[in-house]
Every structure is written in C-alpha cells, then in structure tokens.
Amino acid sequence: MTPRRPTRKPPTRTAQPVATTLDTPTPAPAPASPPVPAAPEAPARPVAGADTPAAAATAATADGTAAARTAAARTGRAAMAAGGTGSAPAGSAPAAARSGAPAAAAPPRPREGADRVPGPAALEGADRARLLAGEHHDPHGLLGAHQVPGGVAFRALRPQARAVAVVLADGARHPLRDDGDGLFSGVLPLPAVPEGYRLLVSYDGAELEVHDPYRFLPALGELDLHLIREGRHEELWTALGARVMTHQGVAGTRFTVWAPNARGVRLAGDWTFWDGTGLPMRSLGASGVWELFVPGIGEGTLYKFEVVGPDGHHALRADPMARRTQCPPETASVVTASHHTWGDAAWMARRGERPVHEAPFSVYEVHLPSWRPGLSYRELAEVLPAYVKDLGFTHVELMPVAEHPYSPSWGYQVTSYYAPTARLGTPDDFKHLVDRLHQEGIGVLVDWVPAHFPKDDWALARFDGTPLYEHPDPRRAEHPDWGTLEFDYGRTEVRNFLVANAVYWCQEFHIDGLRVDAVASMLYLDYSREYGEWAPNEHGGRENFDAVRFLQEMNATVYRRCPGVVTVAEESTAWEGVTRPTDQGGLGFGLKWNMGWMHDSLVYVSKEPVHRKYHHNEMTFSMVYAYSENYVLPISHDEVVHGKQALVSKMPGDWWQRRANHRAYLGFMWAHPGKQLLFMGQEFAQGAEWSHTDGPEWWLLADDYHSAGDHRGVRDLVRDLNAVYAATPALWERDTVPEGFQWALGDAADDNVFAFLRYDAHGAPLLAVSNFSPVVRHDYRLWTPQSVPAWAEVLNTDAVRYGGGGVRNAGALTRGPDGVRMTLPPLATVWLRPA
C-alpha cells in the first residue's frame, strides 16, 4: 500500500506572478538544493521496483524527443514525475524504489515561486482535495486544456516538478503558475484548445518536454465497454490491462482496469517510484472501468494500480489482466507486446481434423520448472520436443503456466491469469516453446485453474476494496482446503474474466487443450464443508448452478472459437454429463480424468500377488461405467508425491518384481479404453517422489550408473507402447463406445489374469492379456473370436530389452476348438494381433 500524500503546507515565500498572457514572465529563482524524499515505510510484502532493465530505460523511452533521451542519459532519472517524464537522478533514488518497496508519499517541498493566491485557472475546493487524494472519478475534466471565457485554461499535476510550461506547435513556451501540491495552472488567450501541445517540465537537474496524458480522449471504445458491461467480451485482454498503441498520433500505453467500487484509481510505476499521485485515471461510467493513456510509456515498463477503496484505503495492486509480470517474489505487472512469428501453420490447420475422443491421445505431464531445472522456455524448446517425440507421446501437459507466487508448488494458486510465469522467460519465449512442440507434431495442453485464487493483498482478493472476484458470502468464497478464495461465478464480469482467459490461452498461445483443475470443488456448494458451513442453492440443494453455467459457457465458447481444442475436466465425483454437450444439458468438456479407474487400479497393483484375487473387481469395475463419459486414464503428479510414492515404488516385491509390475501395469493401462496420461519420471521408473528442486532422476539413465539398463528398459517399453498404440486404431478409435471392447477373460481372479479385445471402426481386433501373478502360466486357454484363426505377439512387457525374463510366444498362436492357448509371462502384459 502507498500511503496517501498529505496536502502540502503553503510556501513561506511569494513567487513572481505567473503571466496568463502570451508575454513570457521572469522565471522564479531556482532553489539551492534538490528535494530530499522522505524515508519509506517498510511494506508488508516486496513490491516491484527499479531493479530491472526497464527501470533504467524508462526515462529515455518515456518521451520520444532526443532532448529527453539526452537528459535522461545525463541524469539517469529526473525528479519523481508521471506521464512520460523522468524521475530523480540515479544516485538520489529513494531506498524504497531501489528495493522494490512502495515509497511513502512525502509532502512536496515548498518551492520558491509558489503562490497560493488562486489564479484564474487554479483548482480549489472539493475537486482539488479529491484529485490530490486519488479519489476523483474524472481527472481529465480537471487537468489538461479546457476552453474557458477569455481563452484556454491549462492545468497539470506534476509532483516534485520545479516548473511547468505549455509548449505550443510554433515552439512558444508559456509558463504555468505554481499552485502548490504539484499543481500548475494558467489561462492563455487562445481561440481554441491547441492540438498537439506539450508540457515542458523542469526538475532539479533535468528539463523534459512531454505530451500531456490529460489531453487525450478515451482510448477504449464504446463497443468494448458495452461488451464488458454485458460480460460478453470474448477478447477481454484486448480491452483491459496495459496495451502498447498509438493514440491520436502519439505512441504510448493505454492502461485500463475494472474496479467498479473504487473511489479512485491511480497508475504507479517504476518511473514514478511507485507513487501514483501524478497519474489519476478516469472512470468510464457504468462499466466500472478506469482508463488512462500515457504517452511515451512502452514495453518493459513496470506498473501497478493504486486503488482507493470505498473506505478510503489505498492499495497497490497488480493488474488482473497483466500479460507479463515480474519474476516472483517481485509482484509488479510489466507492459508487453508480442513479436513472435508463428511457424506452426501446418499443425494448426490439421489439429481439428479428427475428434480427440476418436484419435490417439497419450499425454506426457511435465512440471516445466523442474523437468530440467534451470532451463528457460527457449532452452526447454531445444530438448523437450525431441524427448517427447522420441517417446511417441502425442501431447504434453504443462504445469504450472500462469503466474503464481509460490515456486515449490504445482502453480495452482494463480495471481496473474493472463501471464505465463516469468520464472522461465517472457510470454514470447513461452510461445516459442509451444511453436517448437507443434513443429514436432506434439499437441500442448496447459493446466488451468478457475476454481480458486490466493488471498495475496496485492492480487485479486478484495481488489477494489470489496469482494469483487470472490463471492461476497464468505460461505461461498472461502475455500476450506486450500486457504484460498472461490470466484463469484454468478457475476457476469467475473465469468467473462475467466471465459476470456480460457480463449486467451488457446488463441494467443495456440494451446491445444485446457486441463481444468478441481472441477468438483466448483460444482458442489458443500465441497469440503461441514453442516452449517455452506449455503444451499435456491432449490435447497448443494449444486452450484452459477459454476455449472460458467463451465458450460466456457466450454461452448472455447469450442466455438478455437477448433481442434479439447477441454479436460479433473472431476472426482459421479456428476452426470461432464463430457456431454452443453446443448444436451451437459458441462461440455471433451474429456474427463477417470479418477475411479486410477484409484482402483493402483489399489490392486499395490497388493501382494497372493492377495490380488480378493481385489480382482478393482480392475474390472471400470468397465461398468467406462462409456458414461469420455475418459482419460491419469497417472498424474497427484499420485506420485506427498507420501503416495512413485509408481514403481507402489509395487510389491523385490526390485525385479516391482519393475515387472510397473511394466505390466503400463501395458494394461495403454490397452484399456480411455486416453493415457503419465507424469514425468514414471516413464523410466524412478523410485523417488517428485522434487521441485531436483526434478526427475535423470542420473538413473546415465552410463556410469550400474542399474541404468533397468530404467532404460522401462523407457524403451513406453516408447514402444506409444508406437504400437498410435499405429493401432483399435486402441483409440472406439474409446467411447461399448462396441470397441469385449472381455476375453474377466473372472480369472485366482490366476490374477485379465484378457480383453479392442476393436477399431472396421472390426479389426487387438487382444490384450495381463498376468499379474509372479508365475509363468503355460498352455493357458483364452476365448477368442472364431473370425481370427491365429494370433501373433506384437508387444510383450517381459521382453529382455525391457528388463524382463524373455518369456514369450514365438510364432503364430492358432485358435483351436476351445480358443487359443498361450504362455503367459510372469507379471507381464502381452498384446497380440491377428497373424
């Protein structure tokens, strides 16, 4: 929070009167020493400061003139200013600005030449008080140039300036009167408001000629405001936030923010040392949007909004629509513009050719910061696409992507929904990574978290001093599990913020899918709440109808605007119709994580083989509901951390048996109806849980590790599973219809054996047989259809090259009168095709 600037006491000396005619007055004498900023208060959290390249460059870029750049280069920053002026010389920057903390607002030092006798254009009374307090809704009605009787009145708010003059198109300079508190005014006998006038602002050691931000019309159109009010702006990021643009022929940045309950909003940045006094924003009416176009401000500039709540409390807030942020723990937003040129046209043109539920879909889940710790987006683009392509995965799922404050996390407490995390680079760097993955034929999913957001006081929580993004009823807002806040899905602007965000990632970053986290927590009002801790809906039930309508709108909008994109729900209950189309009453997702299959199958394989017969139904029950939704089978990050153990470590037995179980389970999973997802590290059977600092245990694959062959064998199996899977339509073409599956043996509990057939659209089968017992079963009889006279192995997880014992079925297996007889390797899965 930036403290409110106290009103300055009247100066003790009287200035020479400032002329209000075209005559040039005698300038007031300059003081002997520069102003000394007050010592800053210690902030509760670090806020962005002048420790970035943008801060050093702002004074030069803030004004387009060579004179300004020369002055900035000579002095570093001119005294604290706003709207494209410089700041104090580099050596005199307040400690708060250098460290990133908001500087306490000190009263401007009385200047020689200041005269508190009101001039013809002086601002007095309530308007002056509200403007200086940052609580005026229309600063453009007070500042800038306005036609008055007798000429044109000019007013400027330039804290810490020694003098301000108006510069007309012919080069004539007309000094303004110093009214105190950083306000300057004067009336010039002009017939009309001059176009393109500039301000000459003098500081200690610098004199800068700049455009006046308060001479510009609103840079946001009526259609944008209408759509925002209606909650239907599907490209909201083009209207709100910081956008570099040319407005009325002048280059600068338009700043807009939605804060409907604020008394006032001011812009603060690294070029103002985080003091927003000189840059009050105007309210654009019933939309709740505040706007200011600042000439000369460009890419790389750090900024925040100083929001004055209904109670008069001032708070520095990051931009909810920021498309780039500082690297945490710094919290400022960054002005940005994209310069990336996409090279994935071929991918984008064909990605929607086949519905995803009828296509091969195997996903490698990646925690980007720890996959190869220390690599940036661009460095990852050199190694990740090649690795994923080599293993044959069709997609990657990336986490975390949106900016979040806590690094050792999955990134599910998001503070900047429109900004890729700055830990790994810029938004264009992230686009480069997506582009390279597409060029290698790999689709990209990102984890998306519309369920909740953290309470950080610089982010979304009580953004304008009231519950804005969160529900006003604490029983609907407070999330008991995570100490976070839930969105108010019933508010049109909030729903628009999230729906547009889903479109943003797909449209601007060419993302191919959104995996939506914690959907169940959105759907139920009593999620993780005890009796009396939740408020029922209008029908007395526990369903959150606002969340339902939001999810339907989000899915319908994404599928309409972004052909070929898939949305995936992490929904852990039996909510009906998660992947049913919205026009049929469903939520409209393309796929749903099959949490039931994941839980049941992991329970089964974690048992000793002698006990598995008592849990046989854990592996068969999934087929009872397999076609109720379009499913993904996830062995995700959630299943291999926080004491749950890595996949291979869940398995019983010695090291050989654990690896064999691991391989057999993957073979069973890839053949089971549904799409596949595997978290990084499980593809080579690392034994340790995920570590955010160390990432996967790549050293297990190194030549100098004595058991590297064991881990390479598992990785070779994953590569072959994906290759055979992609080449076998029976394994994916009819994933969502019962005609694509048939049990060959589903009740062999005592043997720990499962066998089933998969069929493609033309009836071509694949036979999958899993033996989850540690014994070889010779001459084992299985029923198979008479239409297939013989079978041949196409994949065997007990192959020697995978680290197995090499028990296999050589040659063709001919079907006899009672079916086919084969040898079942121990703790192994075998796939067979018609010979």
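Colleague: What are the ground rules here?
Modeller: The model is predicted, with local features needing pLDDT of at least 70, side-chain atom pairs counting only at pLDDT 80 or more, and totals for chains, interfaces and linings using all residues. Residues are numbered from 1 along each chain as its sequence is written, and side-chain values use heavy atoms, without hydrogens and water.

Colleague: How many cavities of 30 Å³ or more are there?
Modeller: Ten. A cavity is a set of points, on a 1 Å grid over the protein atoms alone, where a 1.4 Å probe fits but cannot get out. Points are joined across faces, edges and corners, and volume is the space filled by probe spheres set on them.

Colleague: What volume has the largest cavity?
Modeller: About 90 Å³. Its lining (residues with an atom within 4 Å of a point) includes Pro-400, Tyr-412, Asp-447 and Trp-505.

Colleague: Which strand gives the most to that lining?
Modeller: Strand β21, residues 443-448, with three residues. Strands are DSSP runs of E, at least two residues, and helices are runs of H or I, at least four, numbered from the N terminus.

Colleague: And the second largest cavity, what is its volume?
Modeller: About 80 Å³. Among its lining residues are Ile-228, Trp-258, Glu-493 and Phe-497. Helix α11 (residues 492-508) supplies the largest share, three residues.

Colleague: Which domains does that lining draw on?
Modeller: Domain 2 (222-335) and domain 3 (414-590) each give at least three residues; the bounds come from an automatic or database domain assignment.

Notes: 1 Å grid on protein atoms, 1.4 Å probe; cavity = no way out; pocket = protein on both sides within 12 Å on 5 of 7 lines; lining within 4 Å.
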